[in-house]
Amino acid sequence: MTDQAYNFAYLDEQTKRMIRRAILKGIAVPGYQVPFASREMPMPYGWGTGGVQVTAACLVPEDRLKVIDQGADDTTNAVSIRKFFQRTAGVEVTEATAAATLIQTRHRIPETPLTRGQILVYQVPIPEPLRFLEPRETETRKMHELEEYGLMHVKLYEDIARHGQIATSYDYPVKVEGRYVMAPSPIPKFDNPKLSGNPAIQLFGAGREQRIYALPPYTSAVSLDFDDHPFQASKAPHHCDLCGAKNSYLDEVITDDHGGRMFVCSDTDYCAGRRAAGQKGRLWSPEPQEAAP
Amino acid sequence: MTLMETMVATDRPLLKVEGLTKGYGPRIGCAGVTFDLWPGEVLGIVGESGSGKSTLLSCLAGHLRPDLGSIHYDGRDVLAMGETERRCLGRTDWAYVHQNPRDGLRMGVSAGGNVGERLMAIGARHYGEIRGKAVAWMDRVEIAADRVDDRPSAFSGGMQQRLQIARNLVTSPRLVFMDEPTGGLDVSVQARLLDLMRGLVRDLGLSVVIVTHDLAVVRLLAHRLMVMKSGHVVEQGLTDQVLDDPQHSYTQLLVSSVLQV
């Protein structure tokens with residue numbers, strides 16, 4: 001049921017028009033942060049106000065929406081945003097990655113490969129990859145303009161000097177089409193290879209910072225590294241305890257007070273799909289039961 | 001080729017400055033400054049506070065845009081250059097040593113990262129080589145190799161200043177701007193730093209413009225000297241000549257006001 005007090009997808013048409021122009025510019029210049037007049041949304045900053053505005057501007061009544069938070073469909077952030085669009089836009093929602101036409105995500109790329117025609121919207125807390133190295137906005141803009149990205153490698157150098165390896169494990173900077181260095185939002189670096197050459201349109205919205213940027217389909221995004229310390233997409237060295245998947249990104253779940261823990265796929269749709277297809281992990285049993293001691 | 005031969009062999013100045021003028025509204029920053037700097041030469045600029053030394057240095061290094069005059073570096077017009085080119089020059093061929101090392105260093109980044117930054121800015125992408133060069137340069141400015149992963153905030157003032165010098169010289173610049181490099185250091189540390197700088201300037205054949213109010217520093221380092229007062233150059237010549245036989249009344253005052261121990 002649609003709440004008739006709102007325009008379709010909450011935002012008024014002029015605002016959506018403004019956001020679409022920013023998105024088009026972002027797609028025309030991959031990796032470039034386009035400023036836009038971010039609106040107050042009925043949720044706090046940090047809950048995905050940027051992503052929600054981009055989603056609102058892209059939604060059409062025929063869309064099927066999927067919302068994930070750290071890969072899961074059933075966590076607070078995902079549920080509240082999904083409900084928000086069900087109420088204000090009345091679009092269909094789904095949990096199946098393959099069935100969705102528009103996916104808003106917080107900090108993960110779904111394990112199921114995306115296809116042509118899909119749109120992936122990221123929620124971005126800090127769009128500026130150079131921010132913690134250079135606090136001045138005027139200076140970081142100048143650095144993007146002149147392609148002065150040496151500082152980004154200073155950060156990676158510091159990682160190796162201090163930890164013996166590149167310890168940055170999320171929000172790992174990428175260079176887009178050999179030009180702009182971009183923050184891929186805090187996705188684990190395990191997901192970085194999926195950014196590059198992806199058939200879906202990838203849009204990034206930062207509400208508080210008022211920036212939109214984009215990766216058009218099949219755009220190259222190279223993770224920065226050193227010749228003698230190459231980029232490695234890392235994950236926990238385990239299999240999923242529910243579905244037995246070897247190659248999916250895992251969450252560690254503490255199960256009791258005695259050091260018991262299990263690893264499960266962070267992508268709930270992928271995990272459930274594998275279980276439905278008969279795959280079994282170490283701790284999976286079809287009937288609900290008490291957690292193993 | 002020795003340094004003197006290099007100097008003789010080149011027939012054009014590295015830096016050619018003509019009629020450089022910068023005002024702050026109705027007040028004069030510096031006015032009508034003209035000089036040539038030759039490869040391998042060290043030029044000292046002395047004068048009291050407010051005499052326009054730092055304004056002049058900022059104009060030369062491209063931090064401020066002068067109102068009038070021209071600056072040519074190696075035959076190229078610096079003021080006509082695009083910003084990309086000027087900034088590229090600023091991190092390869094030029095170096096700028098700040099008075100306060102905290103302005104020239106990244107205090108949150110390890111010493112090795114500080115020295116390596118300019119290398120990475122010009123495209124070095126091999127961690128081992130960058131680190132090796134950083135350690136070699138730290139050794140050259142007498143900082144122990146085991147301090148390579150410490151942050152500059154854990155260094156003494158003298159070490160910070162030496163680290164700043166290493167960070168600037170790692171890309172083998174030809175022209176170095178120094179703004180009061182020994183300010184704020186005690187005399188024994190100053191002496192060591194001066195000794196080190198003199199050695200580096202000689203070994204690397206650097207051209208240096210050094211701004212200071214300390215006549216002892218220019219006596220030791222500078223080949224030539226410019227004395228500034230109220231934005232104007234009142235006297236210039238060979239360092240020893242100017243200091244031993246000052247002609248202008250202000251220079252005479254400056255020389256005579258040095259404290260003797």
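Which strands of chain B make up an open sheet with antiparallel pairing, and in what order do they lie? Keep that question in mind as you open this predicted model and start with chain B.

**Stop 1: the sheet of chain B**

Select strands E2, E1, E4 and E5 of chain B: in that order they form an open sheet of four strands, with antiparallel pairing. At the edges you will find strand E2 (27-37) and strand E5 (76-77) of chain B, each of which pairs on one side only. Now colour strand E1 (residues 15-24) and strand E4 (residues 68-73) of chain B; they run antiparallel and are joined by five bridges. Zoom in on Leu15(B), and you will see Tyr73(B) of E4(B) opposite.

**Stop 2**

Move over to chain A and select its open sheet of seven strands, in the order E1-E9-E8-E5-E4-E2-E3. The pairing here is mixed. The edge strands are E1 (34-35) and E3 (92-93) of chain A, each pairing on one side only. Show helix H1 (residues 13-28) of chain A, which packs on the sheet and touches E1, strand E8 (201-206) and strand E9 (211-215) of chain A. The direction of H1 makes about 45 degrees with that of E9(A).

For a pair of strands that run parallel, pick E2 (residues 64-69) and E4 (residues 102-106) of chain A, joined by five bridges. Here Lys66(A) stands opposite Ile103(A) in E4(A).

**Stop 3: where the chains meet**

Show both chains together. The contact takes 21 residues from chain A and 22 residues from chain B. About 1,800 Å² is buried between the two chains, with carbon and sulfur atoms giving 55% of that area. Select Leu146(A), Val154(A) and Tyr157(A), which supply 30% of the area that chain A buries against chain B, more than any other three residues.

**Stop 4: the largest pocket**

Which residues lie nearest the centre of the largest pocket? Select Glu139(A), His63(B), Arg87(B), Gly90(B) and Arg167(B) to find out. The lining has 33 residues, and the pocket's volume is about 1,200 Å³. By class, 11 of the lining residues are nonpolar, eight polar and 14 charged. Finish by highlighting H3(B), which gives the most to this lining, with five residues.

Note on methods:
Residues numbered from 1 in each chain as written. Chains lettered and ligands numbered in written order. Predicted model: local features only at pLDDT ≥ 70, side-chain atom pairs only at ≥ 80, totals over all residues. Heavy atoms only, no water. Pairing = 2+ DSSP bridges. Helix = DSSP H or I, 4+ residues; strand = E, 2+ residues; numbered from the N terminus. Contact = heavy atoms within 4.5 Å. Axes fitted to C-alpha atoms, helices over the stretch in contact; angles between N-to-C directions. 1 Å grid on protein atoms, 1.4 Å probe; cavity = no way out; pocket = protein on both sides within 12 Å on 5 of 7 lines; lining within 4 Å. Points joined across faces, edges and corners; volume = space filled by probe spheres on them. Nonpolar A, V, L, I, M, F, W, Y, C, P; charged D, E, K, R; others polar. Buried area = accessible area lost by both parts, 1.4 Å probe.
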